[in-house]
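Please read this note with the structure open beside you, taking the points in order. Each one is meant to be checked by eye.

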Amino acid sequence: MANNLVRSPESYVSLFHSGEAGNLPKPYAQEVILFRTFIAGTSYVEGVEELAEHLYPGDDLNLKRDPDNWVDELAVQVHTKDDVKLGFIPRIDNAVPAALMDAGKDLFARIADMDSREWGVLITIDVILRD
């Protein structure tokens, strides 16, 4: 039995180098939980209570840098998979994820817990680096 390497078409390799592969899983990728925090500003999201009825612990959320934010240049927005903005990573916690995202790292959040409050919904999240 020969141990020959099979050459992949160069088009497959070029997809990964060009970034056109999108969010395809990468071999040997791992998730590193950086820290646990909550989503700030959910009380400003119109209809957050109804939206929260469709969110569950274990759901992944998108993180988006907001460097043009007039309040905080290190702002990181938290969005649902359907791109509905839920709020922000709190200012006290956003320096590290902002720096990692600015360096091109793949970060996302995962809902750890949810609790209804009189002022809105408290959504606890884990901030995760996919490496």
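Predicted model: local features only at pLDDT ≥ 70, side-chain atom pairs only at ≥ 80, totals over all residues.

1. Residues are numbered from 1 along each chain as its sequence is written, and side-chain values use heavy atoms, with hydrogens and water left out.

2. Helices (H or I, at least four residues) and strands (E, at least two) are DSSP runs numbered from the N terminus, and two strands pair if DSSP finds at least two bridges between them. Six strands form an open sheet in the order E1-E6-E5-E2-E3-E4, with antiparallel pairing. E1 and E4 are the edge strands, each pairing on one side only. On average, neighbouring strands of this sheet are turned by 35° against each other, direction ignored, where axes are lines fitted to C-alpha atoms (for helices over the stretch in contact) and angles between N-to-C directions run from 0 to 180 degrees.

3. Two of the pairings can be followed residue by residue. E5 and E6 are antiparallel and share 11 bridges, and Ser 116 stands opposite Val 121 in E6. E3 and E4, also antiparallel, are joined by 3 bridges, with Gly 87 in E4 as the bridge partner of Val 78. Their hairpin has 5 residues between the strands, and Asp 83 takes a positive phi near 70° there.

4. Which residues of helix H3 are buried? Taking buried as under 20% relative accessible area, exposed as over 50% and partly exposed as in between (1.4 Å probe, protein chains only), they are Pro 97, Ala 98 and Met 101. Seen down the axis of H3, they fall within an arc of 100°, so they line one face of the helix; the arc is that of the directions from the helix axis to the C-beta atoms.

5. H3 lies across E1, E2, E3, E5 and E6, and runs at about 75° to E2. The buried residues of H3 pack against those strands, contact meaning heavy atoms within 4.5 Å. Just after H3, Gly 104 takes a positive phi of about 90°.

6. Pro 90, in the loop between E4 and H3, is buried, with a relative accessible area of 7%. Leaving aside neighbours within four places in sequence, Pro 90 is in contact with Thr 37, Phe 38 and Ala 40. Pro 90 and Gln 77 are 13 residues apart in sequence and 9.5 Å apart in space, C-alpha to C-alpha.
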